[in-house]
Amino acid sequence: MDSLSAVRAWAAPLALALLAVAAAAVVLSTGPLAAPPDALITALFGEGPPDAELALALRGPRLLAAMGCGAALAGAGAGFQILFRNPLASPDLLGVTSGAGFGAALALLLGAGAVLVQGAAFAGGLATGAVAVACAALTRSGDGRLALILCGIVAGALASAGLGLVVIAAEPYSQLPSITYWLLGSFTRATAGEAALALVPVGFGAAILLGLGFRLDVLSLGDEQARSLGLRARPLRLMALGSAALMTSSAVSVAGIVGWIGLLAPHAARRMVGERAGRLIPASMALGALFALLIDRLSTAFGPAELPVGLLAAAVGAPAFLALFVATSRRA
Amino acid sequence: MSALVLDALVAGRRARSGAGFRLPPLTAAFEAGQVVALIGPNGVGKTTLLKTLAGLLPPLGGHFERPRAVAWLPPPGAVSAGFSALHLAALGRAARRRWSPGLTPGDVEAARAALARLDVADLAERPFDRLSSGQQQLVLIARLFVQDAPVCLLDEPLALLDPAHAQAVERAIRALAAEGRIVVASSHHLPFAARADRVLAIGLDWIEASPAAQALAPNRVRALFGVETTGCPCCGQALS
C-alpha cells in the first residue's frame, strides 16, 4: 500500500516532465526548420540527418532557454508560495524581477554587450533580493514572513524607481526601444552559451529546493513550529529564499520580465499533486517548462513579427489563472 | 533519567516600551512520567513560560536544565497546513532525517500507528486544514508520539474542544506521560488540573508548583482567579 502511494506520489511529476519533453519534440518537429522526432533523437545522440542537426543548433538553445526559464520561475514561485503559506506569492516576492530589470536596463544604457546585460540583470535581481532579506532581518515581527513580504515590496519599488530613471535618461531612438523590448521578455536572445550559463544557477537552486523537500513543509508551519520540531529554521529559510531568488534572477536575466508563469504553474500543479513540497515543486517546474514552451511557440505563430513573450504570458496566463481559481473555489 | 529542573528561572518578555513583563522566579523539578498542569488567569504569562521552556524565548534570569529535544504545541487552531494529516504527523520525525529530501516509509508507518492509537486513523489522508479543531488537536498530539521528545509542552490543549474531544485529548496527554515523558500543559479547565500530578499556578505576583489538592483548595483558586467557588470557575465541575 505504501509503495503504491509512493509510486503515485512520483507518477504525477514524472508524467508532467515527460509531457514537457514530448511537447518539446512536437515543437521541434513542426514549424520552420522542422525535423521528424526520430531524426532529432539521432542528431541529439550523435550523427543525424543535416536538417535535424540544423534544427537542433538553431532552435535548440531557444527551446532550452524557454523550458529552463519556465521551470525556474515556476519552481521559485512554488517555493515562495510554500514558504509564505500564501497563494499570491510569486517569484517577484522579494523584488527580484524589478531588480533584474533595473540591472539590465542600466547595462543597456551604458552600452554593454549581451553577456554583460545578462550578468547585470542577474546581479541586480540577487542584490534586490538581498536588500529585502537584510531589511527584514532588521525588524522583529513574529516569524518574519510579513516583514519579508513588505521589505520585498520596498526593495522592488526602489528598483522600479531606478528603472524609471534609466528609461528617462535613455536615448529615445536607439536605447529606449532595446530597453523596452528587453523588459517585455523574449526567449530569442539566448545563444547556446548564454542559455547554458543561466541554466547552471537554475539547476543549483532547483537542487537545493528539491533537497530541502519535506523541510519546506515544516517551514510552512512557521518558525516556532519548525524549531520545536528540531530544525534550524532561520538558516533553512534563508537557503530556500536564496535558491528561489537565484532561480528567478537567472530566468529573468535570460528572458526578461515574463510574469504569470511563476504564479500559474504552481496553482495548476497543486490541483494535481496536492500541497506537499516534495511533489509540488517538481510538478510545478515541469508545468512551468511546458507553459513557457507553448507560449514561446505561440509567439511565433502570428506572422513574421514575433510577439513579446512577456505580453503573451500575461494575456494567456491571467485568464487561465482566473479560470483555475474559479474551478478550485467551486470544488472546495 | 530525564527531568526538567528549573533554578530561579525568570520567564518574561523584554521590551523597550512598557509592554515587557517578568514572571517571578520559579524553582521546581519535574520528573519523567508526570503530567503538570499550568494554570492562571489570562495574560499572566503561561504561554511565555511554555515558550521559554521550549527554547523559543530566552529566559530573563536564572537557568533550567532540560533534555535537548523538547516538543511544543500552540493552542488548537494555531497550526495550518494544506497537506494531509498523515504527512503532518510524519513531520514529527523531521529532525532525524539529516540529509534525505524525503521522509522514510518507517516515518510514515510511525505516523499511521500514532494516528490509529488515538482513533483518528480515518483522518490520515484528509487535508489538515479541513479537519475540526478537535481532530486537528488529536493529529498534533499523534505527532508528539511520532516526535518522541522526552518533554512535551502544550499550550491550552483543551481550548475550543467539545467534551468528547477534550476527554480524548486528556487521555492522549496521560498516555504521553505514561511512556516516561514530562508533559506540561496549560489549561483553564480546572478538573484537568485536579487530575494532574503537579499543578504549576501563576498568579499576578507569585508562582508556585504544588500537588493538585493543595493548588486547587478554595483559597488558592480565589487567590488565582478572584472568584469564590468550590468547583471549576469555568464549568462548575467539582475539583476533587
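**Notebook: two chains, looked up piece by piece**

I began where the chains meet: 22 residues of chain B are in contact with 22 residues of chain A. A reminder to myself is that this is a predicted model.

**Entry 1, the side of chain B that touches chain A.** I asked which elements of chain B give two or more residues to this side. I found strand 7 (70-73) and helix 3 (105-117) of chain B. Strand 7 of chain B gives the most, with three residues. I then sorted the residues on this side of chain B by class, and they came out as 16 nonpolar, six polar and no charged.

Next I looked at helix 3 (residues 50-84) and helix 11 (residues 233-255) of chain A. Their axes are 9 Å apart, and the two helices pack at an angle of about 150°. Angles over 145 degrees count as roughly antiparallel, so helix 3 of chain A is roughly antiparallel to helix 11 of chain A. I also noted that helix 3 of chain A passes helix 11 of chain A in a left-handed crossing.

**Entry 3, a sheet in chain B.** I traced three strands of chain B that form an open sheet in the order 4-1-6, with antiparallel pairing. Which strands stand at the edges? Strand 4 (26-31) and strand 6 (61-65) of chain B do, and each has a single partner strand, so one side of each is left without a neighbour in the sheet. From one strand to the next, the twist averages 5°.

I followed one pairing here: strand 1 (residues 3-10) and strand 4 of chain B run antiparallel and are joined by five bridges. For B:Val5, the bridge partner in strand 4 of chain B is B:Ala29.

I ended with A:Thr42, which I found in helix 2 (residues 37-44) of chain A. Is A:Thr42 buried, exposed or partly exposed? I got 14 other C-beta atoms within 10 Å, so A:Thr42 is partly exposed; a buried residue would have 20 or more, and an exposed one 12 or fewer. I also checked A:Thr42 against A:Ala52, 10 residues apart along the chain: their C-alpha atoms are separated by 8.6 Å.

Notes
Residues are numbered from 1 along each chain as its sequence is written. Chains are lettered from A and ligands numbered from 1 in the order in which they are written. This is a predicted model: local features need pLDDT of at least 70, side-chain atom pairs count only at pLDDT 80 or more; totals for chains, interfaces and linings use all residues. Axes are lines fitted to C-alpha atoms, for helices over the stretch in contact, and angles run from 0 to 180 degrees between N-to-C directions. Helices (H or I, at least four residues) and strands (E, at least two) are DSSP runs, numbered from the N terminus. Angles under 35 degrees count as roughly parallel, over 145 as roughly antiparallel, 65 to 115 as roughly perpendicular and the rest as oblique. A crossing is left-handed if the near helix is turned anticlockwise from the far one by less than a right angle, and right-handed if clockwise. Two strands pair if DSSP finds at least two bridges between them. Two residues are in contact if their C-beta atoms, placed from the backbone, lie within 7 Å. Ala, Val, Leu, Ile, Met, Phe, Trp, Tyr, Cys and Pro count as nonpolar, Asp, Glu, Lys and Arg as charged, and the others, Gly among them, as polar.
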